[in-house]
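Hi,

Here is the model I promised to pass on.

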Amino acid sequence: MPAPKKTARRSLLVTSAALLSVSLTTPAALAAPAPKTSPSATPPAKMSTVGGARLGQAGTQVNLASGVPVLPKDLTGRSWIVADAESGQVLAAHNAHWRLPPASTLKMLFADTLLPKFPSTEEHKVAATDLAGMGAGSSLVGIKENETYTVHDLWLGVFLRSGNDAVHVLSAMNQSVSQTVKDMNAHAQELQALDTHVVTPDGYDAPGQVSSAYDLTLFARSGLQKKDFREYCSTVRAKFPGETKKDKKGKSTRTSFEIQNTNRLLSGDYDISVYQGIAGVKNGNTTNAGATFTGVAERDGHVLLVTVMNPEHKDHNEVYRETAKLFDWGFQAVGKVQPVGELVPPRSAVPASGRSGSTPSAGQPGGAQGGGSSARPVASASVRSGSSGMGIALGIAGGVVVVLAAGAFLVNRRWPLPDLMRRRPRP
């Protein structure tokens with residue numbers, strides 16, 4: 001049987017050549033895996049324990065007991081947190097310290113860092129270089145070069161339209177984008193937001209840029225101590241300066257156009273209602289981050305902060321639906337549920353004795369929070385008029401106070417809320 005022997009020998013040679021080819025090409029393929037375009041779907045085994053050991057554990061952390069409502073169903077966010085904005089108690093959390101892309105919620109840190117640097121009435125004429133370096137597809141408010149804007153205008157662009165152009169102009173006023181990134185990273189460290197690494201000041205996707213639900217909540221809590229921050233994040237709609245144009249007679253005129261807040265719990269949408277008591281804070285959405293959101297709301301004398309990052313369900317406005325569910329649960333649970341951790345104070349508010357021999361990354365909260373006779377108001381609850389189509393934040397006796405004295409970080413209620421928002425019943 002000569003022919004079959006030749007055929008078998010030929011087949012063996014072909015198979016050997018194929019195996020040799022695979023053995024030569026496989027190491028190269030293994031050495032250059034396809035780059036990841038999105039974060040892992042599984043939280044890391046070890047996460048930061050800033051604010052308490054349970055906050056570093058994967059999965060949902062909550063102390064359910066008699067009288068405590070059950071957490072809402074269908075929560076698909078990769079990471080979320082519910083916290084009392086005043087006491088700092090974390091009522092419940094899910095992968096709170098998972099380091100994920102933050103999208104435009106990072107603008108809360110940007111605002112908290114830069115707001116004190118420029119008076120709202122300061123004017124700036126925009127140069128072409130101010131708008132350089134923005135990522136493709138960036139959200140824009142519509143800033144034009146060679147036009148002059150007030151700092152107040154620019155911050156409205158940041159908060160209402162999440163304008164990366166406004167962020168870049170303010171960064172240029174702060175010397176440069178790179179300087180602003182350095183300032184933001186330094187401020188994150190001061191706030192003990194150790195999960196955060198800033199690469200772009202606007203939250204645009206960039207390799208290595210991460211934050212966490214815990215850190216975003218710290219940024220919101222810190223920012224809300226500032227009067228201007230509270231005004232901007234609670235503004236529903238405003239007029240924004242347009243482009244200067246000349247008519248046929250050569251006369252220059254500059255009109256304005258209306259911008260509306262993209263926070264759908266604040267402004268509403270065709271498929272979601274305004275949340276009763278909502279007062280901000282910031283939303284975001286990018287390819288890598290998915291939808292992210294941090295909100296603050298008040299009900300029955302309680303002020304809560306909720307952050308949700310990247311819901312698995314991609315339905316329209318899903319991040320707001322899950323946030324609303326967590327707000328509803330939090331307002332039912334506050335005062336009944338035992339906390340699973342705390343929002344730590346800034347480093348500068350922690351007594352030296354509280355810092356010695358311990359570090360936040362090792363799970364030490366780094367200081368106590370609470371009231372005391374030394375509390376004194378340092379920020380008025382009243383704000384300027386003329387920015388919101390639904391009325392401006394209501395000045396409330398007692399106001400929000402922050403005291404960085406005697407080593408304490410004290411937050412006394414109440415947060416100023418837009419009057420019409422507070423009185424509007426939730427449909």
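First, the housekeeping. This is a predicted model, so I kept local features to pLDDT of at least 70 and side-chain atom pairs to pLDDT 80 or more, while totals for chains, interfaces and linings use all residues. Residues are numbered from 1 along each chain as its sequence is written, and side-chain values use heavy atoms, with hydrogens and water left out.

**Overall**

The protein has 11 helices and 13 strands. Of the 427 residues, 52% are buried; buried means under 20% relative accessible area, exposed means over 50%, and partly exposed is in between, using a 1.4 Å probe and protein chains only. Take the contacts (heavy atoms within 4.5 Å) between residues at least 6 apart in sequence: 68% of them join residues at least 24 apart.

After α5 comes Q192, with a positive phi near 65 degrees.

α6 (213–223) is largely enclosed by the rest of the structure, because 11 of its 11 residues are buried. S212 sits in the loop between α5 and α6 and is buried too, at a relative accessible area of 0%. Its side chain reaches the backbone nitrogen of D215 at 3.1 Å, and D215 is itself among the buried residues of α6. Leaving aside neighbours within four places in sequence, S212 is in contact with A96, H97, W98, D195 and M309.

G335 follows α9 and has a positive phi, near 90 degrees.

**The loop between β4 and β5**

Two residues in this loop are worth a look. I143 lies between β4 (123–125) and β5 (148–150) and is buried, with a relative accessible area of 7%. Its C-alpha is 6.4 Å from that of D165, 22 residues away along the chain. Beyond neighbours within four places in sequence, I143 is in contact with V126, L131, Y149, L154, D165, A166, V169 and F240.

N146 is in the loop between β4 and β5 as well, but is exposed, at 54% relative accessible area. Setting aside neighbours within four places, N146 is in contact with K125 and V126. N146 has a positive phi of about 70 degrees although it is not a glycine.

S162 is another non-glycine with a positive phi, about 55 degrees. It is in the loop between α3 (151–161) and α4 and counts as buried at 7% relative accessibility. Please also check the peptide bond from G280 to V281, which is cis, with omega near 25 degrees; V281 is in strand β8.

**The largest pocket**

The largest pocket has a volume of about 550 Å³. Of the 33 residues lining it, N283, G284, N285, T286 and A291 are the closest to its centre. A pocket is an open set of points on a 1 Å grid over the protein atoms alone, where a 1.4 Å probe fits, with protein on both sides within 12 Å along at least five of seven lines; lining residues have an atom within 4 Å of a point. Points are joined across faces, edges and corners, and the volume is the space filled by probe spheres set on them.

Which element supplies the largest share of the lining? That is β8, with five residues. β8 (278–286), β9 (290–299) and α9 each supply at least two. The lining divides into six nonpolar, 18 polar and nine charged residues, where Ala, Val, Leu, Ile, Met, Phe, Trp, Tyr, Cys and Pro count as nonpolar, Asp, Glu, Lys and Arg as charged, and the others, Gly among them, as polar.

Cheers

Terms used
Helix = DSSP H or I, 4+ residues; strand = E, 2+ residues; numbered from the N terminus. Polar contact = N/O pair within 3.5 Å; in protein donor to acceptor, adjacent residues only side chain to side chain.
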